[in-house]
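Dear colleague,

I am handing over the structure below, together with some notes on what was found in it. Please read them with the coordinates open.

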Amino acid sequence: MGIRRTKHAVYDLKYHLVWIPKYRKKILDGEVTEYLKEVFEKIAQEYEFEIDTIGIMEDHVHVFMGAP
């Protein structure tokens, strides 16, 4: 990632998103994990932000990303 530039700004914003299913049910395994990665990558492309790291556990997801 690193420092990004536009006409009017110089920035290096990073976000740590933690997503947890209701009641922290352990449902994020197997095929669901692969599907979740695909969904997050599609969203990142659509909204033009960069995903640095995705960590998917059985009961929660950590996404470290940079965005304008």
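Leu-17 is found in strand S3, where strands are DSSP runs of E with at least two residues and helices are runs of H or I with at least four, both numbered from the N terminus. With a relative accessibility of 35%, Leu-17 counts as partly exposed, a class that lies between buried (under 20% relative accessible area) and exposed (over 50%), computed with a 1.4 Å probe on protein chains only. Leaving aside residues up to four places away in sequence, Leu-17 touches Phe-40, Val-61, His-62, Val-63 and Met-65, a contact being heavy atoms within 4.5 Å. The C-alpha atoms of Leu-17 and Phe-64 are 6.4 Å apart in space, although the two residues are 47 apart in sequence.

The model is predicted, so that local features need pLDDT of at least 70 and side-chain atom pairs count only at pLDDT 80 or more, while totals for chains, interfaces and linings use all residues. Residues are numbered from 1 along each chain as its sequence is written, and side-chain values use heavy atoms, with hydrogens and water left out.

Arg-24, a residue other than glycine, has a positive phi, near 50 degrees, and its place is in the loop between strand S3 (14–19) and helix H1 (31–47); with a relative accessible area of 40%, Arg-24 is partly exposed. Glu-48, which is likewise not glycine, has a positive phi near 60 degrees and lies in the loop between H1 and strand S4 (50–56), where Glu-48 counts as exposed at 63% relative accessibility.

Best regards
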